[in-house]
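Visitor: I have a model open and a few quick questions. Can you walk me through it?
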Amino acid sequence: METRTGIKGRGDWWSCDGRGFARPETKRETEPRDACETVSLLTPTRRQVLLGAALALVGWAAKDSTALADLTITPGKPAERADILVVIFLRGGADGLNIVIPYREDDYHRSRQNIGIAAPDDRRAAAADRAIDLDGFYGMHPAMAPLRPLYEQGLLAFVHACGSGDQTRSHFEAMATMERGLPDEKTGLASGWVARYLSQTENGNPSPLRAVSFSSVMPDSLRGATDATALTSLSEFRLVLPSGGGSEREAALRAALESLYREGKDAVALAGRETLAVLETLNRIDPANYRPANGATYPDGELGNGMRQVACLIKGRVGLEVACLERGGWDTHVAQGSSGGWLASNLDEVSRSLAAFAADMGAEMSRISVVVMTEFGRRLVENGGLGTDHGRASVMWLLGGGIAGGKVYARWPTLKREQLEEGLDLRVTTDYRDVLAEIVARRLLHSRAAAIFPNYTPRMLGVAKDRA
Amino acid sequence: MKINRRDCLRLGAAAGAGALLTGCSQAVRRFATPALPETLELPSDNVEPITRLVNRVSFGPPPGEITRVAALGRDSYVEEQLHPGSGEPLAVSARLRGLEAFEVGAGEVGDLRKEEILRQMQMAAIIYAVYSPHQLRERMVDFWTNHFNIFAHKGAGAFLKPTDELKVIRAHALGKFPDLLRASAHSPAMLSYLDNQVSRRGIPNENYARELMELHTLGVHGGYTQRDVQEVARCFTGWTVEEGFLKPRGRFRFDPDLHDDGPKEVLGQTIPGGLGKGQGDRVLEILARHPSTARFIASKLCRYFLGDAAESWIERTAQTYLQTDGDIRAMLRPILLSQELLDSPPIMKRPFDFMVSALRALNADTDGGKPLQEHLTRMGQPLYQWPMPDGYPDRTAAWTGSLLARWNFGLALLSGGIAGTSTDITAILRAARAQTGARRADALAEVVLARRADSEAMQPLCRSLRAYMERMPASADGSHPLLNETAALALASPLFQWR
């Protein structure tokens, strides 16, 4: 178990703040006055444009006067008490039916004779190969055992038969639909839903680490957010000086870069200024020496490392509001396995990452909401390669102190053939935006959900508790 | 333990010839670095349009290229690039020597380790892109490699991809799209990547069928349905990869026993039963001739060379596709000669474009080896390693997070921090006749950006570079301790990230 004494020199850095948002010493550029045509989303009037677009689109909601009243042109409710939002996107279409298994459905077991997961009470299977019972109807995949205590403590919930209206079964369309917060792939808004959330929350948080994506490329959900940063490793996010360079030389180079990036108004210049501000902040919190608390051990994978760094940023009090992470490897057309195998090892990493994060954050989980989502689920019937093809509905996972957990939320359509979409796939009975909008409304920003998901009146499921 | 031909060669080399061979190839490589031209002075006028053209047609101008193209004229330059010869200069051939993954067939590559194949494939891609005079072909190789993306870490991908790169992508990069499509559909690397090798009668796998229509031909709104996906998947059952004992493993094979030979209906056309492999061939013909394919390929080509192209350009290019049976050259020529290409907003370089353009601009000597490839990974674009079938993104917004890694690449490159890759700034300044004095910063900016230092767009950059150099005095012999870092800053500048 790692303790504070394990840290040399900076024993208490993570608890040093508590004063709210850290402010970088260098003055950050205000938004430029005009910008390159190719990046219209990044223009200085971006926020007005977005708000304008949102307003135009919520015109339909006029019948709902409260929805309109919520949309004032001047954004500005401070959001210091909002939860920190962590969004994990499982890319490739994660097989919801083998993640949260409707084990009481005979059609499930009939359709998945090779890759199906045995019911919790199925004595023909070894105990370790059976689903972990959640409520007498659904069970978790056995590889998700690390999450069992969180479910029992009421911190973890699932929303099943959940998805978007996208009918293409295309990864890219379905991902773009969800990351832009749209009903289906055909509609307008090019900005990401997380970017719209950020632009609605003008809280004066100047942090360059307000929104961070742990990925080599910026995800669509943050598209249009000038205050977002994409990086893969906090500790490697530094200028690497030619041999023999000291801090003086680094400062000189940084000053030179600042002068190079001072004037531009295009997407690259904006990103350059953002990058320099992040360098400044990370210099202070020393992520290379981060030690998780409470004996938390993150798995050594893409997601485990990402969650560890999210924890580091939260404890470093650098002004993080949103973290986006992703994990690929869910496109299990072939050999997806059953209680063991490909899907199981994916679920193992996700589950251990979430469990470690919850342990590491301890009481701070009360102001953190984690959402795990995927672009679509997979076909009910297994294919000839012992895998599953692209389907429709999947399952969303929610973790946090503000989640009404210990429950599987679903309007279960059943797996009967006539209930399946096109006779093949689990039908979407809960729109993914219902879940996101409720998190936004109850845990993040009260009533602004309408501007973040325009043209949509979400149906509250009760998955989140109102923020105290 | 089985010892094969390659192991024998390796053992032989290790036993003594190794040192000699290595030393020899290094000497050849050094000799094979292109010589700097007599003068680096840019033409006195009309530089901007030529620089823009060269930046779009190629991976970026090396020293002297702007002057050469100015003398050649726009039409002749584009014609030259549309018709590359088959030969390669010593700068390419000497460096490619010994990259076995590119010299042998698919089955044979099985003796190499996966990481080694991937290393060699990336080396070859970098070497071609940096040194080949056939730059447009190399850009099209990059384009099609992403269009028909294959993730080398999935299954046997690394072992099969070298053949795909040679026989599919390189063979047809400037040919006819239907030929390229057919070659890709018969490529074991593609069939294996998109799981078609396990698709069989009764239980077809939809992965290839779907991406074939969504990403390779029609585009997602090209007019197909979920039913079409299922029918096309049935047509391609039995298109698989040879895995039999004593057979040419890793070759394409049609297995009639796995094929569902019943009649099908694809995009409103009936494909009769009993055609065997012919059913898949028929699907490829339907797709290659489809107007949605013409439009989809046209829109991607326009975006690649023109950025957010005007609708009229996409329409025009799609018409050319339909009139010429998908002739890639015929589609490219008007795009490359267009005023649109000169006037449209700049396009952000992807990391591979950025790295190659930097190496070209500074006339670097590189073997394209692992240390260089690691920088590409840090910038977010390790080649052949994008897991999804859509290829690396071409949106500017996707790449703005890679700036720090780009800055670090420049600093490492100019400080000799990348083993196997080097630059000689002194030689460049000598050729630019700017060895001493204040003109050095301007000269470095001119070499890197291929734009005149006295042009308006260059003023902020030149000012910053001059200020940086003024931090320290010149040495007694006239040289300057900050020359390399100044060049690195030019590579790091916002201007150099655009093309």
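Predicted model: local features only at pLDDT ≥ 70, side-chain atom pairs only at ≥ 80, totals over all residues.

Visitor: Start with the two chains. How many residues of chain B are in contact with chain A?
Guide: On the chain B side, 48 residues are in contact. They meet 48 residues of chain A.

Visitor: Which helices of chain B each supply at least two residues of that side?
Guide: α12 (207-216), α21 (396-399), α22 (403-414), α25 (459-469) and α26 (483-492) of chain B. The largest share comes from α22(B), with 6 residues.

Visitor: And what is the split into nonpolar, polar and charged on that side of chain B?
Guide: There are 24 nonpolar, 15 polar and 9 charged residues.

Visitor: You listed α25(B) and α26(B). At what angle do their axes cross?
Guide: Roughly 155°, and the axes come within 10 Å. The cut-off for roughly antiparallel is over 145 degrees, so α25(B) is roughly antiparallel to α26(B). The crossing is right-handed.

Visitor: Which residues meet there?
Guide: α25(B) brings Leu461(B), Leu465(B), Tyr468(B) and Met469(B). From α26(B) come Thr486(B), Leu489(B) and Ala490(B). By class, that contact has 6 nonpolar residues, 1 polar and no charged.

Visitor: New topic: α17(B). Which of its residues are buried?
Guide: Helix α17 spans residues 328-336 of chain B, and its buried residues are Ile328(B), Met331(B), Leu332(B), Ile335(B) and Leu336(B).

Visitor: Why do they line one face of the helix?
Guide: Because, seen down the axis of α17(B), those buried residues fall within an arc of 120°.

Visitor: What do they pack against?
Guide: Six helices of chain B: α2 (47-57), α4 (74-82), α10 (177-185), α15 (291-306), α16 (311-323) and α18 (339-343).

Visitor: Take α15(B). At what angle does it pack with α17(B)?
Guide: About 35°, with the axes 11 Å apart. That crossing is right-handed.

Visitor: Which residues make the contact?
Guide: On α15(B), Ala298(B), Leu301(B), Cys302(B), Phe305(B) and Leu306(B). On α17(B), Met331(B), Leu332(B), Ile335(B) and Leu336(B). The contact has 9 nonpolar residues, no polar and no charged.

Visitor: Last one, chain A. How many helices and strands?
Guide: Chain A has 13 helices and 12 strands. Of its 468 residues, 55% are buried.

Visitor: What share of its contacts with a separation of 6 or more joins residues 24 or more positions apart?
Guide: In chain A, that share is 72%.

Notes. Residues numbered from 1 in each chain as written. Chains lettered and ligands numbered in written order. Contact = placed C-beta atoms within 7 Å. Helix = DSSP H or I, 4+ residues; strand = E, 2+ residues; numbered from the N terminus. Nonpolar A, V, L, I, M, F, W, Y, C, P; charged D, E, K, R; others polar. Buried ≥ 20, exposed ≤ 12 C-beta atoms within 10 Å, placed from the backbone. Arc of directions from axis to C-beta. Axes fitted to C-alpha atoms, helices over the stretch in contact; angles between N-to-C directions. Parallel < 35°, antiparallel > 145°, perpendicular 65-115°, else oblique. Left-handed = near helix turned anticlockwise from the far one by under 90°.
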